[in-house]
Amino acid sequence: MLGFLRRGDRAGRGVDAGRNALIPIPLTGGLLSGQVCDVEGRPLAGAVISVFDRSTRRVAHVDSDAYGLFAAAVAPGEHRIRAEAGGFQAVDNVVEVQWGRHAEVGRLTLRPDITAAPPAAGIYDIDPDHTSIRFVARHIAMSRVFGRFNRFRGQIQIAEPFEDSHVDVVIDAASVDTQIAQRDAHLRSADFLDVERFPWLRFSSTRFSGRGGNKWLIDGELTLHGLTSDVQLNTTFLGMQEWNGTRAGAIARTELHREHFTLNWTQALAHGLPVIGSTIEITLDVQAIVKT
């Protein structure tokens with residue numbers, strides 16, 4: 001957070017010093033601040049904090065920083081603060097903000113949401129009918145081109161301990177689909193995926209790790225266009241449901257750089273701007289069914 005002191009304020013020590021040097025207090029309002037932590041006292045970065053006035057109108061919406069700290073300038077009066085983070089139960093607090101003053105909320109402790117605990121150990125088959133593998137690329141640095149792969153298979157093995165879990169996914173390169181036949185033919189050609197020589201994309205994980213709550217990191221290796229490179233999936237676990245079997249849901253995101261896989265075809269506009277950007281955003285929206 002940016003460090004600003006109101007004229008006449010003095011910085012103290014430790015946490016209080018940080019809270020006295022957050023953002024300027026507006027001339028017509030006040031400032032509130034606090035810290036979001038888990039039950040073990042560890043700061044929660046990226047928690048969503050909403051501030052509501054007495055009429056339940058949301059007047060501020062901020063994320064906690066790397067140290068779990070947050071601050072918001074609001075009008076004087078009573079406010080309700082709600083802190084939320086994936087995999088944790090939301091918590092509410094009430095604070096009175098006075099004109100020209102700094103109200104310290106203190107620590108907001110979020111308890112784990114047991115429904116977001118990792119799924120039970122077992123083998124889960126990825127359901128292709130309720131799973132999507134999508135990508136986004138920039139076109140002439142203006143619009144985004146959306147596409148997907150229509151044919152794939154995969155399996156997730158949840159282990160005990162969770163860190164020993166493993167996932168494998170195999171994608172049919174020729175199933176690339178951007179809904180433009182001419183563009184899809186170009187993507188299948190030797191300029192890009194070269195599906196005649198390299199018919200499959202393969203991802204195999206090397207490590208699972210928890211980031212707190214329902215957030216996971218899945219490290220692995222992606223083989224594409226005949227080359228293998230490290231990839232890290234930022235994963236959000238969506239919980240379990242019973243519907244035609246026991247299902248686990250998750251969303252995973254990553255970015256790929258075409259150059260890492262020698263997908264180097266490019267074309268530039270007259271002033272040097274590339275037609276296709278070098279970074280590809282990948283999103284996997286996954287449902288997996290417990291194998292019986």
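Q: What makes up the lining of the second largest pocket, by residue class?
A: The lining divides into 10 nonpolar, five polar and six charged residues. The model is predicted.

Q: Which residues lie nearest the centre of the second largest pocket, and how many line it?
A: Leu44, Phe88, Arg211, Gly212 and Gly213 lie nearest the centre, and 21 residues line the pocket. About 460 Å³ of space lies in it.

Q: Why is Thr236 called buried?
A: Its relative accessible area is 18%. Buried means under 20%, so Thr236 qualifies. Thr236 lies in strand β16 (residues 227–242).

Q: What makes the pairing of Thr236 with Lys215 a polar contact?
A: The two side chains make this contact at 3.1 Å.

Q: Which residues have the most contacts inside the largest nonpolar core?
A: They are Phe149 and Phe203, in a core of 37 residues. Strand β18 (residues 276–290) gives the largest share of this core, five residues. Apart from it lies another core, of 20 residues, including Phe70 and Phe88.

Q: Which residues is Phe203 in contact with, leaving aside neighbours within four places in sequence?
A: Among them are Val167, Val169, Ile218, Leu222, Val231 and Leu233. Asp168, Asp219, Gly220 and Glu221 are also in contact with Phe203.

Notes: Residues are numbered from 1 along each chain as its sequence is written. This is a predicted model: local features need pLDDT of at least 70, side-chain atom pairs count only at pLDDT 80 or more; totals for chains, interfaces and linings use all residues. Side-chain values use heavy atoms; hydrogens and water are left out. A nonpolar core is a set of buried Ala, Val, Leu, Ile, Met, Phe, Trp, Tyr and Cys residues joined through side-chain atoms within 4.5 Å. Buried means under 20% relative accessible area, exposed over 50%, partly exposed in between (1.4 Å probe, protein chains only). Helices (H or I, at least four residues) and strands (E, at least two) are DSSP runs, numbered from the N terminus. Contact means heavy atoms within 4.5 Å. A polar contact is a pair of N or O atoms within 3.5 Å; within protein, one must be able to donate a hydrogen and the other to accept it, and residues adjacent in sequence count only if both atoms are side-chain atoms. On a 1 Å grid over the protein atoms alone, a cavity is a set of points where a 1.4 Å probe fits but cannot get out, and a pocket is an open set with protein on both sides within 12 Å along at least five of seven lines; lining residues have an atom within 4 Å of a point. Grid points are joined across faces, edges and corners, and a volume is the space filled by probe spheres set on the points. Ala, Val, Leu, Ile, Met, Phe, Trp, Tyr, Cys and Pro count as nonpolar, Asp, Glu, Lys and Arg as charged, and the others, Gly among them, as polar.
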